[in-house]
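Colleague: I am new to this structure and would like to go through it by question and answer. Please show it first.

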Amino acid sequence: MTGSQNTIVYLSRAGYVYVVSNKKMPGLLKVGRTDRLPTERAKELATTGVSGKYDVEYFAFFQNMERAEHRAHKALRKYHDDKKFFKVDVNTAISVIEGMEGERFVRVYSKPEADKVIEEKGKKKKAEDTEDAEDSVDAKALSPAEEFYKNFGRGNK
């Protein structure tokens, strides 16, 4: 290999690529990755320097979230603003992510779908937590992929 070639090695870690917005930064979207629910990551972002609530506009579950995020950033480079922020509208960001060739995602959610899924998951988790408290049984920790499949199913959109 010559010095002019760059090789990026990606760990094969399943997780989400997400698009979030913040009303205090109109016109900017953050495109990132997480191995937890994107809503949890959005809550964390509110404490990282830019105050205000981040809204999850979209997320997709990928078999290799690091590679998918890198490819999304590369595809969105003409809209790049700073770090993982892009001056782009939500629909364009979603189209770019969904159009990445060679990337395999399980299911995608736009904001209305995500809100509904997250609300249903919250209700389900609350019921499960009540049952767990009554049963006091230790459960096996699930991987991010197992957690996703448990909550959202295995079908492709």
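Colleague: Which residue caps the N-terminal end of α3?

Modeller: This is a predicted model, so the distances are computed from predicted atoms. At the N-terminal end of α3, a side-chain oxygen lies 3.2 Å from the backbone nitrogen of N91.

Colleague: Around what arc of the axis do the buried residues of α3 lie?

Modeller: Helix α3 spans residues 90-98, and its buried residues are A93, I94, V96 and I97. An α-helix has 3.6 residues a turn, so residues three or four places apart point the same way. These four sit on the same side of α3, because the arc they cover is only 160°.

Colleague: What covers the buried residues of α3?

Modeller: The cover includes both strands and a helix. The helix is α2 (65-75). The strands among the cover are β1 (15-22), β2 (29-34) and β3.

Colleague: Around what arc do the buried residues of α1 lie?

Modeller: In α1, which runs over residues 38-45, P38, A42 and L45 are buried. They are on the same side of α1, since they cover an arc of only 60°.

Colleague: Which strands are included in what covers the buried residues of α1?

Modeller: The buried residues in question are P38, A42 and L45. Their cover includes β1, β2 and β3.

Colleague: Is E57 buried or exposed?

Modeller: E57 is found in strand β3, residues 54-62. Its relative accessible area is 13%, and the cut-off for burial is under 20%. E57 is therefore buried.

Colleague: With which residue does the side chain of E57 make a polar contact?

Modeller: The contact joins two side chains, at 2.6 Å. The partner of E57 is S21.

Colleague: What pattern does the protein follow along the sequence?

Modeller: Its secondary structure comes to five helices and six strands. Of its 157 residues, 36% count as buried. Read along the sequence, the pattern is β-β-α-β-α-β-β-α-β-α-α.

Key:
Residues are numbered from 1 along each chain as its sequence is written. This is a predicted model: local features need pLDDT of at least 70, side-chain atom pairs count only at pLDDT 80 or more; totals for chains, interfaces and linings use all residues. Side-chain values use heavy atoms; hydrogens and water are left out. Helices (H or I, at least four residues) and strands (E, at least two) are DSSP runs, numbered from the N terminus. Buried means under 20% relative accessible area, exposed over 50%, partly exposed in between (1.4 Å probe, protein chains only). A polar contact is a pair of N or O atoms within 3.5 Å; within protein, one must be able to donate a hydrogen and the other to accept it, and residues adjacent in sequence count only if both atoms are side-chain atoms. The arc is that of the directions from the helix axis to the C-beta atoms. Contact means heavy atoms within 4.5 Å.
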